Amino acid sequence: QVQLVESGGGLVQAGGSLRLSCAASGRAVSTYTMGWFRQAPGKEREFVGIITRGANTYYTDSVVGRFTISRDNAKNTVALQMDGLKPEDTAAYYCAAKSDHVYSASPRNYDYWGQGTQVTVSS
């Protein structure tokens with residue numbers, strides 16, 4: 001089984017950038033569909049984007065053109081590059097893994113989760 005640890009969150013002004021990293025251990029991230037999700041206080045956990053085992057990426061409409069997911073197989077990490085951040089991006093961000101290769105935007109279909117890292121965007 002895989003263990004996931006996110007890092008890179010912080011406080012940034014609107015329009016700024018952050019790069020989140022999801023470090024995996026135990027198994028290779030390339031053997032999973034890797035998802036990024038976020039959750040703001042009082043709201044449900046929502047889909048941000050995924051990278052498939054074939055390294056294809058998909059994003060929710062609100063982050064298209066601003067966020068980029070990438071995978072570094074040598075480091076066994078998945079990154080979420082966030083540019084042009086907006087206050088509405090403020091949330092705890094989580095990486096997650098699912099064992100199959102079927103696309104899913106639902107957090108209920110993911111098997112393994114990191115602890116989360118907080119991103120706060122000020123206006």
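Mentor: What follows sets computed values against the definitions behind each term. This is a predicted model, in which local features need pLDDT of at least 70 and side-chain atom pairs count only at pLDDT 80 or more, while totals for chains, interfaces and linings use all residues. Residues are numbered from 1 along each chain as its sequence is written, and side-chain values use heavy atoms, with hydrogens and water left out.

Trainee: Why are cysteine 22 and cysteine 95 called a disulfide?

Mentor: A disulfide is a pair of cysteine sulfur atoms within 2.5 Å. The sulfur atoms of cysteine 22 and cysteine 95 are 2.1 Å apart, so the pair meets the definition. A search of the whole structure finds 1 disulfide.

Trainee: What makes the disulfide of cysteine 22 and cysteine 95 right-handed?

Mentor: The torsion about its S-S bond is about 65°, and therefore the disulfide is right-handed. The pair links distant parts of the chain, 73 residues apart: cysteine 22 lies in strand β3 (residues 18-25) and cysteine 95 in strand β9 (residues 91-98). Strands (E, at least two residues) are DSSP runs, numbered from the N terminus. Both cysteine 22 and cysteine 95 are buried, that is, under 20% relative accessible area with a 1.4 Å probe, protein chains only.

Trainee: Why is the pair of phenylalanine 37 and tyrosine 110 called edge-to-face?

Mentor: Rings of Phe, Tyr and Trp (its six-membered ring) pair if their centres lie within 6.5 Å; planes under 30 degrees apart count as stacked, over 60 as edge-to-face and the rest as tilted. The ring centres of phenylalanine 37 and tyrosine 110 are 5.0 Å apart and their planes stand at 75°, so the pair is edge-to-face. Both residues, phenylalanine 37 and tyrosine 110, are buried. They belong to one aromatic cluster, whose members include Phe47, Tyr94 and Trp113.

Note on methods
Helices (H or I, at least four residues) and strands (E, at least two) are DSSP runs, numbered from the N terminus. Buried means under 20% relative accessible area, exposed over 50%, partly exposed in between (1.4 Å probe, protein chains only).
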